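Hello,

Here is the structure you will be taking over. My notes on the cavities and the chain interface follow below it.

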Amino acid sequence: MKYLYVFLASLKAKLIYRTNIVLEYGLTILQVGVSIFVWQALYSQKALVVPNYSLEKLNAYLFLANFLALSFSVAPAFRLATQIKSGRLSTLLERPISLYGEHLAYFIGDQFLGIVINLCLVVYFGALSGISVLMLLLLVIYLAFAGVMFFSLMMILGMLAFWLIELWPLRSFVTACYLLFGGRYFPLSHLPNKFFIVIQYNPFSLVTDIPARFLTVGLSGYELMQYLIVTLGWTFIFLVIYRLILKHGLRLYEGVESI
Amino acid sequence: MIEVKNATLQYTTFKRSQGLKGVMHDFFKRSVIQVEALSDISLTINEGEMIGLIGRNGAGKTTLIKLLTGILPLRQGEIKIDQMLPYQREKVFLKNIGVLLGQRSQLIWDLPAIDTYDMLAAIYELPKQMYSARLTWLSEQLEVTELLYIPVRKLSLGQRVKCELIAALLHRPKYLFLDEPTLGLDFVTQKTIYKILRLENQYHKTTIITTSHYIKDIEQLADKVIILNKGKIIFNDKLEQLPKELTTEILFDIDFLNSKSVEKKLTCAPDKLNEILAKIPAERILRVSQRGMELEELILQFIKGDSI
């Protein structure tokens, strides 16, 4: 119940700043528009073509990959890092609430609008591609687990602030990794096979490239289950690392600037 | 009950060299120094006590509070609150503590305070009726009922602090830790806060530990004072037990009416008191009072005396 209230508080706080929401999605559309424009030019000149992707499918892929990235955001990492650096983490430590649970509930509340939009996109593109309801349901379940996996990774990243204090230098690196390894510039299947075999299982790819591929060129149920198992494996690893890092990190925490 | 036994806390910090050459040197090899924030501290705070924790900057007050609230781990010595170790942060322990800081807000900045209270009520698992009654009482006492639905960022400092106090008291904590609770507030708001905290202590036996550089906070909110200096406790007793012999000068003020019925004041040393009183007709004497050292000065002298 307490996490529901954290979720509601986060959602309310997000909805207060309407302009920010409009800007966030507007800028993403602009960014995707630029990518589509570039690929359109490449395709028209036949300079570069992604196998199995017509221009329409590629446009849809880029749109989906980048919009999904809005929901699977790196924000939790930097929220946690800011709390550690400012000493505001103490407020959470003094309350009978799980740090992970509070952050997850806050994150879902903060991204709720994006989650709803993405679910609508899933249904729309799924219907467009002729994907069955059962498979779409499987995709939604997959996305839920992928979300928890990605969130756990972000929590680990945020906890580096116990040692680094300033996490902002990593922001560019994380963003670059997400754009490249998440397939937000181009489908990862376009990479040479020897790279793709490994890269396809990275956490960034699992939340953007895989679902976008599923809804455009299609994936079999077996393949989706494979990715789901990998996702669960990553989640387990990240949760173990999270607990270890939290235990050691809290020993270094000084609650600077506050009690 | 709070029990602290032989608590010692050291932390590592780095000594920064001066100038660009020093900075470059530190880039490759930093000078590490050990600082003893607390040194062999032992104290007991019984349920319902109101404690003032004072000392100079860097004396160890905040470090002690962080240990008591479970923020910092204790490696040497022992701290127990109701037989629980604070650093383990058990649910029962966390439900029993409340923290109010002068400079750190626990309210959600963009939302009205009521949203934070609803969330806290769920976090602390307060029964609905109890939460409602408690919130009504606290907001009426602090005169903030109309402010509960205004975004926190729109409130003035004094209004915000009152709302922060509600957040800290909502779950009726057994132990309340206050750090500069009246910082930057007008005297009316200060009096209101003192009143509320005294009522909490009176009705619910809330143990209140106040850290403040403002002596008025200590006078109003503490029956017992713990003075820290360089990580050590140099005084731990009732306020009135502060040694008066530290006072360098005792004087008496005599207020009286002169022959023209105008109020006058005379100040004299103790050995001259009887002599002067004998000269003033009894019916013209308004009051005689001993002018001792102000509490602030007394504490300062005490700390200085320990430092020598």
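**Cavities and interface**

The structure holds 3 cavities of 30 Å³ or more. Please keep in mind that this is a predicted model.

The largest cavity has a volume of about 90 Å³. Its lining draws on both chains: A:T91, A:E94 and A:R95 are among the residues on one side, and B:I97, B:G98, B:V99, B:R104, B:Q106, B:Y124, B:A167, B:A168 and B:H171 are among those on the other. The largest share, 3 residues, comes from β5(B). Sorted by class, the lining has 5 nonpolar, 4 polar and 3 charged residues.

Now the interface. Here 33 residues of chain B are in contact with 27 residues of chain A. The area buried between the two chains is about 2800 Å², and carbon and sulfur atoms give 61% of that area. B:I71, B:R104 and B:I123 supply 23% of the area that chain B buries against chain A, more than any other three residues.

The rule finds 2 salt bridges across the interface of chain B and chain A. In one salt bridge, the side chains of A:E94 and B:R104 meet at 3.0 Å, N to O. Both A:E94 and B:R104 also line the largest cavity.

Across the interface of chain B and chain A there are also 8 residue pairs in polar contact. On the side of chain B that touches chain A, α2 (61–68), α3 (91–95), β5 and α4 (113–123) each supply at least two residues. The largest share of that side, 6 residues, comes from α4(B). By class, its residues divide into 16 nonpolar, 5 polar and 12 charged.

Regards

Conventions:
Residues are numbered from 1 along each chain as its sequence is written. Chains are lettered from A and ligands numbered from 1 in the order in which they are written. This is a predicted model: local features need pLDDT of at least 70, side-chain atom pairs count only at pLDDT 80 or more; totals for chains, interfaces and linings use all residues. Side-chain values use heavy atoms; hydrogens and water are left out. On a 1 Å grid over the protein atoms alone, a cavity is a set of points where a 1.4 Å probe fits but cannot get out, and a pocket is an open set with protein on both sides within 12 Å along at least five of seven lines; lining residues have an atom within 4 Å of a point. Grid points are joined across faces, edges and corners, and a volume is the space filled by probe spheres set on the points. Helices (H or I, at least four residues) and strands (E, at least two) are DSSP runs, numbered from the N terminus. Ala, Val, Leu, Ile, Met, Phe, Trp, Tyr, Cys and Pro count as nonpolar, Asp, Glu, Lys and Arg as charged, and the others, Gly among them, as polar. Contact means heavy atoms within 4.5 Å. Buried area is the accessible area (1.4 Å probe) that two parts lose on being put together, summed over both. A salt bridge is a side-chain nitrogen of Lys or Arg within 4 Å of a carboxyl oxygen of Asp or Glu. A polar contact is a pair of N or O atoms within 3.5 Å; within protein, one must be able to donate a hydrogen and the other to accept it, and residues adjacent in sequence count only if both atoms are side-chain atoms.
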